[in-house]
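Let us walk through this structure piece by piece. Keep the sequence and the 3D view open as you read.

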Amino acid sequence: MRRDLKGDATRLGLMALPVAFFGVFFAWPVVSIVDRGLRPDGAWRFGRIGETLSRPDILDVLGFTVWQALASTGLTLLVALPGAYVFARFDFPGKGVLRAVVTVPFVLPTVLVGTAFLALVGRNGLTDELWGLRLDTSVWAILLAHVFFNYAVVVRTVGGLWSQLDPRQEEAARVLGASRWRAWRTVTLPALAPSVAAAALMVFLFTFTSFGVVQILGGDQYSTLEAEIYRQTARLLDLSTAAVLTLVQFAAVGAILGVHAWTVRRRETALRLVAPERTARRPRGAGQWTLLAGVLLSVALLILLPLGVLVERSFAGPHGYGLGYYRALGSLDESGTFLVPPLEAIGNSLRYAVAATAIAVLIGGLAAAALTRRAGRLVRGFDALLMLPLGVSAVTVGFGFLITLDEPPLDLRASWILVPLAQALVGVPFVVRMMLPVLRAVDERLREAAAVLGASPWRAWREVDLPMVRRALLIAAGFAFAVSLGEFGATVFIARPDRPTLPVAVARLLGRPGELNYGQAMALSTILMVVCAVSLLLLERLRTDRTSGEF
Amino acid sequence: MLSIEDATVRFGERAVLDAVDLDVAEHEIVCVLGPSGSGKSTLLRAVAGLQPLDAGRVLLGGADQAGVPVHRRGVGLMFQDHQLFPQRDVGGNVAFGLRMRGARKAERAERVGELLDLVGLPGAERRSVAALSGGEQQRVALARALAPSPRLLMLDEPLGQLDRGLRERLVVELRQLFGRLGTTVLAVTHDQGEAFALADRLVVMRDGRIAQSGAPADVWARPASEFVARFLGFDNIVAARVTGAVAQTAWGKVPVPDGSPEGERRLLVRPGGVRLVEEGPAWTVESRTFRGSQVVVRLRPAEGPDLEAELPLREAPEEGARVGVEFRVEDVVVLGDDGP
C-alpha cells in the first residue's frame, strides 16, 4: 500500500504545475468574466440564464451550432478517414510534402479560411465566374470550410496511430477467414476507435466553437455560439448574455468530454506498436491506386484549390500580376492601420509560437505523464479539465486575460509572455491528446524490466517511454507550434498594437475596405502559409532522421 | 542470501501469497513449481519490489528490502515474455543494466561481448531484437539479466514460450551456466520437467502457500500431499485405512513403508511399483500407452478407481486381458493432508 501512496504522490507532483497553470490562466479569467456577467452589482442574477435561453434568437443559434457541428464532423470523417489510411499505409513520392500541405489549413486563421472559401465559392468567386455556382448563401460553404479546416485533425490523429499498428494483426484475421473489410472492421477499427473518437471529438469541438468561418460565410443568416459571444461582448457590450452563452458552451463541452472520456476508458488497451516505416508500402492493384488517386483528388479540390486561389489573389494587382502587395507590407501606410510595418508580424508570430510551444509541451507533457498511470476518478476529472480550453470561447479567455491579469501580483498586461500563455492554453490539449494514446500503449512491464535492471522511475521513463514517444512528442510540439501561429480569438484581444501576430495583422487588413488592404491581407496570409509549411516540413525531417539512438 | 518471511499479498479478498516463508542460499538454484494462479509469479514480483507486500518481509543478504525501490535491489529478473526493449538493438539491451550502474563505455562493450559469447550469440550486438527468433530473444533476455551480475537472478517461466526440443536443451545449458557462474537463482515454472532438470531444490506452491519443499528427488519420491502427487502427474491415488504395515484399500491390501502415519489416509502407488501376477485375476487391462521402452497399462478393478502400471515392453499384457496385481512397498507413499 505504501507504494500506491508513493505513486499517488508522484502523480500529484506531475499534476501540480498543469493544475496551477490552468487555474491561473484559464479558470480565473473565465470565472471573472462569468462573474461580471451574472453578478454585475454584487448580487447573483441567475434568472438571466433562463431569460436568455428562452429567447427564440438564442435558441436558433443553439440549434444551428449543434447541427452544423454534427454535420461537419460526419463529413470530415467521411472525407478524411480514407486520407488517414493512405497516409498511414501507403508509401508514395511526395508524401512528406503532402502531409505538410494538408496540415497547413488547420493552422490558418479561421477568418482567412472563410475568406479563401468566399473567394472560391462566394460571390464573384472562382466557381461563380466559371459556372455561376454560389454556395455562400447555403450552409454548404460553412461545412466545406470546416472539412478543409479539420481534415488534418483526422489524418494526424488517426493516421499517426494507424501507421504504427502492426499490419500482421490484420493478416492474422485474414488467415482466420475474415474478408479484407471484415478484418479491418474487427481488428483495426477497434484498435483505432479511441483515436477516431479523439479526432471526432476535436473536430466537433472546433466546429461547435467555430467563429471566423461562420462570421464570413454565415453572414446574418447563420451564427454559432462563439460568434454570438463575440457579437455580444465586442459589439453590444452585453456581458451578461455573453456570460450565459459562455456557460452554455461550457456545459455542452463538458458533457461531450464526459461522453468521450467514458468511451475512451472502455477501449483502453495496450496496442502492439511497430515502426511506421515498416507498415507503409507502395500501393498495389487497381483498387489501391484508385483510392490513392481519390484521396489526392479530394486534397487537391478541398485544400489546394482554395489555397491556390488565395495565393493567386495575393499576386493579382489591379494592373496584372506582381509583387505590389508584398512590397506594401514592408512599409507603414498612412491610414494608421498599423503602428509598425505589417512584415514585422512574422518575427512576432515566430517568437510567440516558440515560447507557446515550449510552455505547451512542458505543461502537456507533465499532464500526459500523470495521466498515463492507472486512472482514478480524480485523474479522469483532470483529463477532462485539460480539454476544456478547446471548448471554451477563446474570445472569453482573451477578454478574461485583460480583466484579470492586469494587477499585482500578476500584472502581465505589459509583458510579452501574455500572448504565448494564451496560445499555449490552446496547444496543451493537443499535446495531451497526442501523447496519451502512445504513452498508454507502452507496456508497463518494459518499465518494470528497466527498473529491475537498475533504472530509477525517472530514468526508466527517459530510457523506455521517451524513445517510444519521441515521435508523438515531436508531432505534438509541431501541432502546438502551428496552433500558436494560427491562434486568433484570444490573441486578437491581447496582442499589443505594436506587436501584432500574423493572423491579427491579416484580420486587421481584412477589416479595412479597399483593394490594397485586401491584397495585402492575401499576401500576408500567403507568407503565414509559407511559414507554417516550412515549420512542418522541418518537423517531417526531424521525424525521419531520428532512428533508435544507442548510448 | 534471500529470505522471505511471512510474505502476504492480497488482491482484494483473495490472498495471492499467504504467509510464505522461503530461504534461498548462496549459489543455490531454487525452482518454484505450481499451476497457474498459485502465486508463484507474484512471489518473484514481491522479491523484485514490483509488488508491495501486505504483510511479511523480504530480506536480501540479511537486509530488509522494505522501502528499497526496485532499481536499488540489485536483483535480476527475466520476464516471462522477455520484455526486450524494442527500440534498442541486442547490444543496447544487454548493456542497459550496466549503463544504469554507470559503467564506462569500453567496459560495457567488453562485458556485452563476453555475455553474448556466454549465451551463444557471439557478435550479435548490432542485431535488432525484432529480428530475433524466440530462442535468441530468450538468450538475449538472459544475457541482459546477467550483465549487471545480480546477486540474485530470478526467472519467470524462463522457457515457457519455446518449443519442447529447444526447451530441453536450454534447461541443461542453463543449469551448467549457473553452476559455472555460481549464480543464485530463483525460478518459477509450471513445467515439472523443467523444474526437476534445473533445480537444486524444489518448492511446490498451491493457492499462495508452499505445499512442499525439498530436493527434486525427495519430492519425486515422497510427495507430501495428494495435490503435490497429482501435480507431479501421479494418478494412482486411493482412499486407505492404514494399520501397521498394511493399508486396506479398494484395490485390496497394500503394503506401506515402516513408520507411515496410521488411520484414514490417501495412498499413492507409483506406476512402477505395480507388478502383474498370475493368481487372482480381478483386473482388466483397459488400455496401453507406450513411453519409450516402458508401457503404461491402465487396469480396471472390480471396484474402485483405475490403476496405472508401468511395465517393460515385453511384460505388457494385451488389452482386455485379465490379470492379478501386487504392490512393491518402496513405491507406496502414504500422503499427508493437503495442508491447513
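Start with one residue pair: B:T8 stands opposite B:A55 in β4(B). Strands here are DSSP runs of E with at least two residues, helices are DSSP runs of H or I with at least four, and both are numbered from the N terminus. This is a predicted model, in which local features need pLDDT of at least 70 and side-chain atom pairs count only at pLDDT 80 or more, while totals for chains, interfaces and linings use all residues. Residues are numbered from 1 along each chain as its sequence is written, and chains are lettered from A and ligands numbered from 1 in the order in which they are written.

Now widen the view to the strands. Strand β1 (residues 2-11) of chain B pairs with strand β4 (residues 55-60) of chain B in the antiparallel sense, over five bridges. Two strands pair if DSSP finds at least two bridges between them. In chain B, four strands form an open sheet with antiparallel pairing, in the order β2-β1-β4-β5. Its edge strands are β2 (14-24) and β5 (63-64) of chain B, each pairing on one side only. Strands of a sheet pair through backbone hydrogen bonds, either parallel or antiparallel.

The whole of chain B has eight helices and 20 strands. Of its 340 residues, 43% count as buried. Buried means that 20 or more other C-beta atoms lie within 10 Å of the residue's own; exposed means 12 or fewer, and partly exposed is in between, with C-beta atoms placed from the backbone.

Next, turn to a helix. In α3(B), B:R108, B:R111, B:V112, B:L115 and B:L116 are buried. Seen down the axis of α3(B), the buried residues fall within an arc of 135°, so they line one face of the helix. The arc is that of the directions from the helix axis to the C-beta atoms. What do these buried residues of α3(B) pack against? They pack against α2 (90-100) and α4 (134-146) of chain B. Contact means that the C-beta atoms of two residues, placed from the backbone, lie within 7 Å. On the other side of α3(B), B:A106 and B:E107 are exposed. Just after α3(B), B:G120 takes a positive phi of about 80°.

Finally, look at where the chains touch. The contact takes 21 residues from chain A and 21 residues from chain B. On the side of chain A that touches chain B, the largest share, seven residues, comes from α19(A).
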